[in-house]
Structures are given as C-alpha cells and as structure tokens.
Amino acid sequence: MRILRKIGDHMNEEKKILNIGFAITGSFCTHAKIKKVISDMKDNYNIFPVFSPNVCSLDSRFGKASDFITDIENITGNKGIYTIPEAEPIGPKKFLDVLVIAPCTGNTLAKLANGITDSAVLMAAKAHLRNELPLIISVSTNDAMGINFRNLGMLFNMKNIYFVPFGQDDYKKKHNSLVAHVELLPDTIEEALQGKQLQPVIQAPMC
C-alpha cells in the first residue's frame, strides 16, 4: 500500500497544470456566474484573465468594473491582460493550452467570425488560434438566433473552436437569446483538449 501511495503521489506531482486564458467580455448579467466558475477552476488550472475594454471601463447595475477586475485578479493570482499589445505575445510565446471567451457577447462573436481584431480579447483569440489550440466560446447574447445566427454557424464550422453547451435563457420573452451552461466549462475544456465538442451542444432551456 505504501508503494502504491508513493506511485500515486509521484503521478500527481508530474501531472501538468494547464495554462488557461480566460477572456471576459461585457455580458454583465453573467459576471457573477463567471466569477464563481473561475473560483471553482483555480485549483486545477493556472488562469490568465483577459479583459475587454467594456469590462474595464463600464459600471453597471451588476457592479463596478474596477471591483470585478480586482476580484478576478485576486482569485486567479495573475494580472489581467488589457491591451492588444499585451495579448499579441500569446501567439509567439505559446504559453496557453486553452483560451476561453466567457461570457462571449454577440459583438465579440460577430467580430471573431469576421476576422476583426480590435480588443485584447479578440487579439488573444487570433494569437491563440495561430497555434492551432482549442478556443472555447461561452456564448451570452440576446441576438444569437437573430442577426448573429449566421456568425454562430460560421464559428461552429471553424477548426479548433468549441462551444460550451447552451440553451435559451428566456424562450417566452427573448426568443433569440442564448446563454451557455457555464457549469459545463471544465467538461468542455477536457473534451476540447481531445479534439472533441462536448455533447449535446443544445441543452434544455435555462430557468
């Protein structure tokens, strides 16, 4: 038993802790859930936060931007990436195993699908995809099945892009709205690292 325990301890020591880029955009109503997910993941991954300009500058009824950023940096233990020049080295330095965009707004979704790089989040995505490594999208937008439906479909067909399973968050009042089941993010990451999309992608409506 002692021998087996030593072998198990040695294997745990050698297990690689993955470097996860966690890019956050301005779907402010989901930020509390995102904070919890990052808190739950921090012991298993080395998390590097990336912030969009709106997350950095806009206060909302859900809280102050500065408080949210401080909380995320304290939880992860890493300073955030705020600018395009800061995000660009993600490509050549290849220090991320996975990049997550959570939440991913309709604005970011559309720009990503059309090759627009005008924020730290989008530069991080562009730089990371250059390395042919998994990019995971956790969608949160009121127009996912409206004007953005085309962009959603385009990204589904792109290599190395995976989606956190999602559902309609209010199918009676917001017919076009989709929000990811963020609690499935760790499972999505594990499947993406094997080149697989976590299934089913479309799940029951959220309460």
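Colleague: Which residue stands opposite I137 in strand 4?

Modeller: I101 stands opposite I137. This is a predicted model, in which local features need pLDDT of at least 70, side-chain atom pairs count only at pLDDT 80 or more, and totals for chains, interfaces and linings use all residues. Residues are numbered from 1 along each chain as its sequence is written, and side-chain values use heavy atoms, with hydrogens and water left out.

Colleague: What makes strand 3 and strand 4 a pair?

Modeller: Two strands pair if DSSP finds at least two bridges between them. Strand 3 (residues 98–104) and strand 4 have four bridges, in the parallel sense, so they meet the definition. Helices (H or I, at least four residues) and strands (E, at least two) are DSSP runs, numbered from the N terminus.

Colleague: What other strands pair with strand 4?

Modeller: Strand 5 (residues 161–163) runs parallel to strand 4, with three bridges, and F163 in strand 5 stands opposite I137. Strand 7 (residues 178–180) is antiparallel to strand 4, over two bridges; there L178 is the bridge partner of T141.

Colleague: Why is strand 4 described as largely enclosed?

Modeller: Buried means under 20% relative accessible area, exposed over 50%, and partly exposed in between (1.4 Å probe, protein chains only). Seven of the seven residues of strand 4 (residues 135–141) are buried, so the rest of the structure largely encloses this strand. L135, I137, V139 and T141 point one way, while I136, S138 and S140 point the other way. In a regular strand, side chains alternate between the two faces of the sheet.

Colleague: Why is A87 called buried?

Modeller: The relative accessible area of A87 is 0%, so this residue is buried. A87 lies in helix 5 (residues 84–87). Leaving aside neighbours within four places in sequence, A87 is in contact (heavy atoms within 4.5 Å) with I81, A120, M123, A124 and A127.

Colleague: How many disulfides are there?

Modeller: The whole structure has zero, a disulfide being a pair of cysteine sulfur atoms within 2.5 Å. For C29, the nearest cysteine sulfur, that of C104, is 13 Å away. The sulfur of C56 is 16 Å from the closest cysteine sulfur, in C104, so it is too far for a bond.

Colleague: Why is C56 called partly exposed?

Modeller: C56 has a relative accessible area of 28%, so it is partly exposed.
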